[in-house]
Amino acid sequence: MDKGILVVISGFSGAGKGTVIKKLLSESDEYCLSVSMTTRNPRPGEVDGKDYFFVTREKFEQTIAEGGLIEHAQFVGNYYGTPRAYVEQKINEGKNVILEIEIQGAMNIKKLYPESVLLFITPPTGEELERRLKGRGTETEDVIAGRLSRASEESEGIGEYDYIVVNDDLDKCVTDVMETIRSAKRKPERQMDFIEELRKGLEIYHR
Ligand code: 5GP
């Protein structure tokens with residue numbers, strides 16, 4: 001059985017990446033989503049163990065010390081990290097494990113797991129991002145301005161990702177993400193075990 005790969009999905013706040021990931025998970029059982037650990041407080045409606053594992057700072061630092069996280073980062077005063085056990089188990093079961101993480105974590109994953117695939121999801125334009133953030137109707141003008149400013153900062157790092165996927169139409173974006181991951185898995189550097197087997201099988205013909 002083929003091993004799965006790590007798929008990092010990042011994107012500006014308001015890019016719709018959460019919706020894209022939800023649809024991807026509902027359409028294919030090739031994927032599963034890693035649930036992160038965080039020290040931030042749950043927002044209304046968030047469920048422990050589903051949205052995040054909500055823990056204290058002490059518990060988070062203890063988990064780091066035990067090597068229980070494959071990466072972690074600080075984001076606006078809180079810790080966020082990816083638990084190791086689930087990721088390793090699912091990859092061995094052949095699943096593609098999605099990490100929905102910010103750019104600093106994404107860069108750490110790329111260093112630690114060069115075979116991972118990094119996707120950046122973005123709306124087609126800055127105006128469209130503003131329109132979507134305002135359309136949610138849940139944040140003040142001030143918060144929206146802060147998120148747009150952060151998007152402008154984050155846009156400097158987009159060049160480090162492997163693929164950019166534009167989220168203009170949801171269905172098209174989900175199809176594009178799936179196709180991108182499938183072709184990324186076909187690259188020789190992600191097929192080393194297969195290549196090795198193939199070469200062994202061909203040795204008998206060697207003259
Ligand atoms: P939020 O507090 O809005 O849920 O998340 C804040 C940011 O932290 C988002 O950009 C989210 O993708 C990122 N994030 C969530 N989990 C992790 C994680 O395990 N590691 C890292 N590096 N970032 C994370």
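Guide: Here is a walk around the ligand and the residues next to it. This is a predicted model, where local features need pLDDT of at least 70, side-chain atom pairs count only at pLDDT 80 or more, and totals for chains, interfaces and linings use all residues. Numbering starts from 1 along each chain as its sequence is written, and side-chain values use heavy atoms, with hydrogens and water left out.

Okay, the shell: 14 residues surround the ligand, each with a heavy atom within 4 Å of it. S36, R40, Y52, Y80 and E102 are the closest. By class, you get five nonpolar, four polar and five charged residues; here Ala, Val, Leu, Ile, Met, Phe, Trp, Tyr, Cys and Pro count as nonpolar, Asp, Glu, Lys and Arg as charged, and the others, Gly among them, as polar.

Now the polar contacts, meaning pairs of N or O atoms within 3.5 Å. Y52 has a polar side-chain atom 2.6 Å from a ligand oxygen. For R40, a side-chain N or O atom is 2.7 Å from an oxygen of the ligand, and for R43 a polar side-chain atom lies 3.0 Å from a ligand oxygen. On its own the ligand exposes 520 Å², and the protein buries 86% of that (Shrake-Rupley areas, 1.4 Å probe).

Which elements give two or more residues to this shell? They are β5 (69–75) and β6 (78–83), strands being DSSP runs of E with at least two residues, numbered from the N terminus. Zooming out, domain 1 (1–30 + 96–207) and domain 2 (35–93) both give residues to the shell, so the ligand lies between them; the bounds come from an automatic or database domain assignment.

Definitions and conventions
Polar contact = N/O pair within 3.5 Å; in protein donor to acceptor, adjacent residues only side chain to side chain. Helix = DSSP H or I, 4+ residues; strand = E, 2+ residues; numbered from the N terminus.
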